[in-house]
Amino acid sequence: LLCALQGQHKGTMALCATTATGGSPLLGSRVSRAQRAPLLHTTVRPISLGAAAPFTLLPPVCASSFPSPSSSEDLSRAREQGTTTTANAQTQQQAEAPLQPSPAVMERRQQRQREQQFYKLAAVAASLGVSGLAILATYLRFYWHLRDAGEMPWGELAGTVALVAGGVFGMEMWARYAHKSLWHDLPSGWALHKSHHEPRTGPFEANDIFAIINGVPAMALCAYGFLTPNLTGGLCFGAGLGITLFGIMYMFVHDGLVHRRFPVGPIAELPALKRIAVAHQIHHGGKFDGAPWGLFLGVQELDEIPGGRAELERLVQQSEQARPAERQQ
């Protein structure tokens, strides 16, 4: 009988063998290569225990097969390291996972979306209504003149067109003056205008009253010019149209583009309007004592202030770098 005749271990290998003649076991004896060779070719007879059963060669059993105290400590240490690694992986996954906004934040976002949609509908309806009315009034005014006089009053028409452009430019100059002297420096004006420099809690703010105030002279000039068939009427009619056009432009650029009270679509990608928006944000930042006070010529105001152009360029570049992140959100 041979049990585990081969294998090299650090300790002494337990060897069980039988001799070819006597069959008495040799326990714990070392076997040389010369002695091992005949044993491999020896015919081994099974021991009879009432029924013939062949012996099975088993692998050697040594002390290294059983866990020692040191290996148990290593196993415990490995388990602790595995638990720590799993906890760290879970923590990392939680950190990398996007944070879910709270119900209050979600409610505020939904409310803001509703406000934007409401204001957008109001802005589009007002723009289309006022624009359509202005186009119809212009057509009827000159059609009646042509019918009564038999010829087109080209001088009156030129004056009307010139006053449309003059009304837009004049309103920019007026807005620059009124913004500083009446809305910021005057206490009664600031009582209304300060709502524009504070967080808004609804679709409208107290500062919107100034749009109605500016709309009153525009309507009066248009009405007088529409009913007065002469050069003076044509000039007044053009001035009223210019104020109306400025109001529509101001609403989309100031309220929509700058303060995002409603989405403005592709005009937000125009480089010139981007610079106008950033210039107005500098006004809200208060870095140059509130300047620029105008809107459409705010960039030119900054050119007259030391450091104004550099600050504008820096903020424009910063805004361009932040746009990819805003689109992902």
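These entries record what I looked up in this structure, which is a predicted model.

**Entry 1: the nonpolar cores.** I began with the largest nonpolar core and found that it has 20 residues. Within this core, Phe246, Val253, Leu257, Phe262, Ile276 and Phe296 have the most contacts. I then asked which helices supply at least two residues each, and noted α3 (103-149), α4 (154-182), α7 (231-258) and α8 (271-285). The greatest contribution comes from α7, with six residues. I also recorded a second, separate core of ten residues, among them Val278, Phe288, Trp293 and Val299. In soluble globular proteins, nonpolar side chains tend to be buried together.

**Entry 2: Val253.** I listed the contacts of Val253, leaving aside residues up to four places away in sequence. Val253 touches Val258, Leu273, Ile276, Leu295 and Phe296.

**Entry 3: Arg261.** I located Arg261 in the loop between α7 and α8. Is Arg261 buried or exposed? I count Arg261 as buried, because its relative accessibility is 4% and the cut-off for buried is under 20%. Beyond four places in sequence, Arg261 touches Glu115, Gln116, Tyr119, Arg200, Pro203, Phe204, Glu205, Asp208, Asp255 and Gly256.

**Entry 4: helix α8.** I compared the span of α8 with expectation: at 1.5 Å a residue, its 15 residues should span 21 Å. The end C-alpha atoms of α8 are 21 Å apart, which agrees. I noted as buried in α8 the residues Leu273, Lys274, Ile276, Ala277, Val278, Ala279, His280, Ile282 and His283. After α8 comes Gly286, and I recorded its phi as positive, near 75 degrees.

Technical notes:
Residues numbered from 1 in each chain as written. Predicted model: local features only at pLDDT ≥ 70, side-chain atom pairs only at ≥ 80, totals over all residues. Heavy atoms only, no water. Core = buried A, V, L, I, M, F, W, Y, C linked by side-chain atoms within 4.5 Å. Buried < 20%, exposed > 50% of the residue type's maximum accessible area, 1.4 Å probe, protein only. Helix = DSSP H or I, 4+ residues; strand = E, 2+ residues; numbered from the N terminus. Contact = heavy atoms within 4.5 Å. Expected span 1.5 Å × (residues − 1).
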